[in-house]
Structures are given as structure tokens and as C-alpha cells.
Amino acid sequence: MKKILVACGSGIATSTVARNKLEEDLQARGINMKEISMEQTSIPQIPSIASEYDVIVTTARYKEDVGVPIINGLAFLTGIGEDGAVDKIVETLGM
């Protein structure tokens, strides 16, 4: 199972929007969501749990190296560059 962590400032508001949109986009591409686990967190929690995930999607800039690929998920809030963000996630997960 591939694990995606979606993070925002509080771990509640924009990460929920981004997570829901990402899930819709992955399903639209025919990806079996039973093969993916998605969880949400706040940006400050990333360093302590990053190693448990295959990719991290953030709705804010995040530059710290935590040993896991980090993809900017602002596109899931604005719709601008959304396909490209999904492409990066799918490629990173090897799906």
C-alpha cells in the first residue's frame, strides 16, 4: 500500500480540500484507491512522521529535507497546475 500524507498549517482546513481533490483526481485516472492510504497532518508535524509515508503533499511551501519526496499541493486549492501535481504524485508512487 502506498501512503500519502497531506499537510497544511493546522492539519484540518486546506489539507482536507487538497486530500479530497487529490483522491478525486487519482480515481479519475483509474487508480485503485484501495492501494492508497491518505492521512492529514499539520506542517509542524511533518518531520516527526515523514518516514512513515511514500510522498508528502503540502498546501504551503515546505523546504526541509525529511527524506521523503514533498510535492507542493497548492494546485489542489487553486486548480492551476493540478494535472502536473497529480502527474508528479503518480510518478513518485510508481503507479
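Modeller: A quick definition to start: two strands pair if DSSP finds at least two bridges between them, and helices (H or I, at least four residues) and strands (E, at least two) are DSSP runs numbered from the N terminus. This is a predicted model, where local features need pLDDT of at least 70, side-chain atom pairs count only at pLDDT 80 or more, and totals for chains, interfaces and linings use all residues. Residues are numbered from 1 along each chain as its sequence is written, and side-chain values use heavy atoms, leaving out hydrogens and water.

Colleague: In what order do the 4 strands of the open sheet sit?

Modeller: The pairing is parallel. At the edges are β2 (36-42) and β4 (70-72), each pairing on one side only. Strand β1 (residues 2-8) is joined to β2 by 7 bridges. The order is β2-β1-β3-β4.

Colleague: Which residue in β2 is the bridge partner of Ala7?

Modeller: β1 and β2 run parallel. Ala7's bridge partner in β2 is Thr41.

Colleague: Is Glu82 buried or exposed?

Modeller: Glu82 makes a salt bridge (a side-chain nitrogen of Lys or Arg within 4 Å of a carboxyl oxygen of Asp or Glu) with Lys21, at 3.5 Å between the closest N and O atoms. Glu82 is in helix α4 and Lys21 in helix α1, so the pair ties together parts 61 residues apart in sequence. Buried means under 20% relative accessible area, exposed over 50%, partly exposed in between (1.4 Å probe, protein chains only). At 12% relative accessible area, Glu82 is buried.
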